Every structure is written in C-alpha cells, then in structure tokens.
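Please read the following report with the sequence and the three-dimensional structure open side by side.

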Amino acid sequence: MKLRKISVILATALCCAGLSANPVLAADPVSGTPVLEADSTSAGEAQSDRDSKNTLAEGQENESSDEVSVTADDGTAGVLSVQEDTQNKPAEDGSETSDPEGSVPGENPEDPTDPTDPTDPGENPGEEPEKKASVTLKQTELLINTINTTHTIEAVVEDASDDTKITWTSSNPEVAVVDAQTGVITTVSKGQTVITATVSDGENGSAECVVKVDKLLNGLVKDPTGETADKCYYKDGVFQDVTDVLQIGKDGRWYNLVNGRLQPSTVAQNKNGWWFINSLGVVDFKYNGFAQNKNGWWYCTNGKVTFKEHNVIQDTRARISGAKDWWYVNGSKVQFTNTVARNKNGWWRIENGKVNFKCNSVEKNENGWWYIKNGKVDFGFTGLARNANGWWRIEHGKVNFQCNSVEKNSYGWWYVKNGKVDFGYTGVARNANGWWRIEKGKVNFGFNGIAQNEHGWWYLKNGRVDFGFTGLAHNQNGWWRIEKGKVNFGFNGIATNANGSWYVRKGKVDFGFSGNVTYNGKVYTVTKGKAELSISAIMDAKAQAAGSATNWLLMVDYDNCYVGVYQRSGGNWNKVHYWRCSAGAPDSVTAHGTFRVTGKGLRFGENHGYTCWYYTQFFGDYLIHSVKYNIGSQTSVQDGRLGMHISGGCVRLPIEQAKWIHDNIPYNSRVVVY
C-alpha cells in the first residue's frame, strides 16, 4: 500500500495600509493644544497570507523526492510534503522483489500464478488501493485581538490524491469569515466561531479550530504583525489609520501619528498648530530650539512653531550641522539662502542659512550692499572694499552707488564711477583735492605730461593737474601751449620752454614750419618749428672771430641767457645747438671773457640742500651745469627756471643739455662769455 502525506502552510497578514506617510506643513498655523501616547495592551501575532489550494504544478513531481510544488488558484505557490510506502515498490528493472521462500513467480512450472496469463486471478503488483485522505489542523484554538485583520491556520493532509481539495467554513460569520478555498480568516467582531477544514475525499476528512476574537487592543501597542518595532494606534481592536497629533491615554501626553503609527523626532501638525515631537513621539512643551521635518528646519518656542520668529539664532543643541552655529530664521523657518540679516547684536553675513564669521567682503540684502568684516557689517567703515564683483566705495558700511570721485584705500587712489572702481578708465578725474591722472583706474603720481578727459587736455605734474602752469608741455602727440594748466588750442605765436622758443600754431608746436615770424613786435627766425631772435646772428658773428684748441667752441650770451655750441667745419664754426639758459644774478654776475674747459664732475650742492648734475668748469668756481634738483634726484626739480638771471654766477641748463656738454666737449675747448 502507498502512503502520502500532504502539508499545506498558509501565512498570516495584518491589513495596516500606508503606515509610514509623513505630515505636510501648513502655511498658516491654528493656535490650540496638541496630542500624546498611550501604552498598548497585549498584541497578537499575525502571519502572512498564503493560498491553500493543492493543485500540483505541472512537471514538478520527482519520483525520488518527498516534496511536490503546488499552486493556488490566485497564483500563490506552496509545497506538498509527500511520503510513499516503499515496502511493495517494484524494482527499478520492473521485476518483483524476491519471494521469502526464495522462489520466483513464473519459473516453477507447477506455480499456478503465471504473470503472463491474462486470465490469472492473482494480484497485480503495480496496482494501488483506493486512497482515503484525512486532514488535521496544527491549531485547535486561536485567540485574535484585532478586528478587520486576516489570519490562516496550518493544515496537514495525509493520504491525499492528486484531486484532494480542502474546503473551509465558519460557524459564525458575524465573528469571522473564512475563504472557502484559501482558508484565509478575516475577523469581523468580538465573539467566537469554529473554523472547519474538510477534504474532498476520505472517511475522516475534517478538522476544527475554535477562533476567539477577544481582549481587543486599545491605545498605542507594538506592531501586532511583528514586522516592525513601531507602535500602532488601536481602538477596540480596530487599527486607526490616522495622521494627527492626538492626546491618547490617561497620562495627558500628546502623540504624533502618521497613518496610525507613532512617528518620533519631527515637527508635526494638528488643528491647533505645528509641534515639536521628541524621540518618544511625544510633544515636548518645554522645548526651545531647532527641529526638522520633511519641509525644513523650524525654530520652536515652548514646543510650538510660532511662524513669527525673524532673527539670527544660535543652535545651542548643535542639531542642524553638528556644531553650535548661528542660523538665519524667517517666519520661524531656517532660510538656507545667502543674505545679510540682523539680530540684537548686529547685521551678519548669511551663507546657505548660516553666519560666516570668516567673511570679509561686500555683500547684499534687500536693503543694499554692505561691507562685511569678520562676518558682521562694519558701519564705522568708509573707504574702498572688494567682493567677487569688484571694488566699491563704502560710506558708513554701505556701498554708495552715487559716488563719482577719486578715492583711496591702502593700495592707492582709485577712480570710482557709480560707486565702483573703474579699472577700464584712463584719463583725468577729480575729487575734493584736485584733478588726477588715472591709468587703468588708479592714480599715477609719477605722471608728468598732458592727458585728456571729457573737459579738455591738461598739464599734469606728479599725477595732478597743475593749474598754475603756463608754457609748453608735451605728450605722445606733440608739444602744446599750456595756459593755467589747460591746452589752449587757439594759441598762435612763439612760446618758450627749457629747450628754447618755438613756433606754435593752433596750440601745437609746428615742427614742419621754417621761416620768419613776427610775434609781440619781435622778429623770429623759425627753423623746423624752433624760433630764434635776431640776437643769434650776433652770437654767430662773435663765434667766427674766436679760436679754440679743439674743434669745439662754447658761446654764452649773458644778457639774453643763451648758450651756443659750435663745431669746426672747413675753417668755420657751425652752430650745432642753441639753448636757453639761466645766468648769474645781478649781485653775482657770471664772469665775462674768454676761458677754456678745465674740469668736469657728476654732481655737487648736497651740502646746500640741492643737487646740480653734470658740471663743466671753465673759470675758478664758474661752471656750466644742470638746473637745481632735490637732493639725489634727477627727476624732482627744485628750481628749473630758464631765461633768467638767478644763479650764483654759474650757467644753468636742462639736465639733458648739461650732460651733453659734459660728455662731448673736450678739455681745453674755448668758452666765451659776453
């Protein structure tokens, strides 16, 4: 006889949908009081749903295995445990096992049991007897303390055929109903019922389990399914799928529920407002500090979000970043933005919501741009300061976008346009102290020359317009007539500088002109722009009568303050240079007569508070040298006047001309002063 045991195991499940959802923050709070937690009673333990239909999966049976896969009508897979009686099982080659007496049927000619005889009434060893199935339940009693939940009971079927099925019934459907095919029990109300499982064939084919729905859960209890460690909210055994902050139990505390489950460590809402929920899931009415939910970080006062807090507040509990940082709060919410915000201690640079105490820059808020020092607005600062966008004019801590001036910082003086240093500007700009030469936004105090702005062309000395200057000055475009610091483009006539007299037309020296020009009643001979009075002819005549031990001759016209340089050419003296000079004052007249070059030197005068460069000695202490410079300088002129009788007896020339004589006129050359 063949014996097979079939075990069908069905899981238990608890219907608690959406237990992990989070609250949503409302725009306007409603004042009132919030809600707390109650401890649970005992919790039942549920099992996952499984199907109980015992249909064999096609192709799954294995003759050498005790297990057969099964699939229920709804597609749920299970396993049948099969045990076979192998005492009378045929050998693998199809023959019967040996007779206890040692004889083999069919070999004894006197044996009436010929297996090949179709009329043999003997028993066919390959034929099994009729099967009688039976069912037993692993549980005869089941206590359930929840309503509207599903459960299953494990059923074991023995001697089952391939067609064996289990049918399930409930004696009291008002307490619990059962699915006739799957055996899934669903509780309905408090009470008692009997669940019966019956197999489709067999003499003893039924089994019973008494199901009691009693001791129903109330309050907050540990998840009865055992799937999580959450606490769930029940009333009379019914799971409360609610999202709210509620007062539960007799302890007066308020608890935060999300889809019926206790949710701790957040900010949650009920009809009375938004509340700080601590790690126990309870409203903490004594809490003052920051707390977070999915909508952001909030500042709570006495456990509640007021939505009225506008401040820069320290996170003394180090909850947001793990450090006790200061945060910008607007409407009680941390604003992760960049701005300048205030508290009672001042205005602060906010970066991504937090005060940056290392900030030294110019930053903005809705009220303007501000100078930040060590994270704080410095209202005492006036000057220039920078940020990533450039350098700005700050006045009492704030950028003045109306500033158009020349302002300074520790790096120099700068041209400011509409509050910002204009590094693209080159020209002449003003402040309260004057007009200045600007090059790429910065004042060039070393500039000496002519520069332009929208008001005209100007003569600058040491970077500043010299409104006291009248004369000739040059830039890269030529030499110009300056009157009180400004180029006079209407000037036509003769103008003088340290290098001589020049013919000026429309404010500019005309180096292309040669001829005679009458100006202020005097006749000038102009050669390539340079003008000479007729006195130069007198010097030429005197030179032709002079001799020299070298091929060079120096002539000094004391009365008219000119120096002539002549070079011998074919027995005549050819004038190479004709320069304006200064000679001895009336009380120290330059020595007159014929002399020769007897000495040379680089400098002198430091003991008297000046330096004269490149001197050439012609008689005793009488020298030809440069104009006076400040001690040791060749650029800072102390007294550069020419065409005047102002010296102590020496002949003064511009430094370039004095150096030329020093370098080129040899010793013993003739010097004539008349």
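The report below begins with the basis of the values and the chain as a whole.

## Basis and overall make-up

This is a predicted model, in which local features need pLDDT of at least 70 and side-chain atom pairs count only at pLDDT 80 or more, whereas totals for chains, interfaces and linings use all residues. Residues are numbered from 1 along each chain as its sequence is written, and side-chain values use heavy atoms, with hydrogens and water left out.

The secondary structure of the protein chain comes to two helices and 67 strands, where helices (H or I, at least four residues) and strands (E, at least two) are DSSP runs numbered from the N terminus. Of the 674 residues in the protein chain, 45% are buried; buried means under 20% relative accessible area, exposed means over 50%, and partly exposed lies in between, with a 1.4 Å probe and protein chains only. The protein chain exposes about 35,200 Å², and carbon and sulfur atoms supply 46% of that area, as computed by the Shrake-Rupley method with a 1.4 Å probe. Among contacts (heavy atoms within 4.5 Å) between residues at least 6 apart in sequence, 51% join residues at least 24 apart.

An open sheet of four strands has the order β60-β61-β62-β66, with mixed pairing; two strands pair if DSSP finds at least two bridges between them. The edge strands, each pairing on one side only, are β60 (599-604) and β66 (651-653). From one strand to the next, the twist averages 25 degrees.

Strand β62 (residues 622-626) runs parallel to β66, and three bridges join them; isoleucine 624 has valine 651 of β66 as its bridge partner. Helix α2 (residues 655-664) packs on the sheet, where it touches β60, β61 (612-619), β62 and β66, and its direction makes about 50 degrees with that of β61. Such angles run from 0 to 180 degrees between N-to-C directions, the axes being lines fitted to C-alpha atoms, for helices over the stretch in contact.

## Salt bridges

Side chains of opposite charge can pair when their charged atoms come close. With a salt bridge taken as a side-chain nitrogen of Lys or Arg within 4 Å of a carboxyl oxygen of Asp or Glu, the count comes to 19 salt bridges. Helix α2 holds both aspartate 663 and lysine 659, four residues apart, about one turn of the helix, and their closest N and O atoms are 2.7 Å apart in a salt bridge. Aspartate 663 is partly exposed at 44% relative accessible area, as is lysine 659 at 35%.

Aspartate 214 forms a salt bridge with lysine 190, with the closest N and O atoms 3.7 Å apart. This pair links distant parts of the chain, 24 residues apart, with aspartate 214 in the loop between β13 (206-213) and β14 (219-222) and lysine 190 in the loop between β11 (185-187) and β12 (191-199). Aspartate 214 counts as partly exposed at 30%, whereas lysine 190 is exposed at 56%. Glutamate 395 and arginine 393 form a salt bridge with their closest N and O atoms 3.4 Å apart; glutamate 395 is partly exposed at 29%, but arginine 393 is buried at 11%. A network of salt bridges links Asp223, Asp230 and Arg261.

## Cysteines

A search of the whole structure finds zero disulfides, a disulfide being a pair of cysteine sulfur atoms within 2.5 Å. Cysteine 232 is buried, with a relative accessible area of 0%, and cysteine 300 is buried, with a value of 0%.
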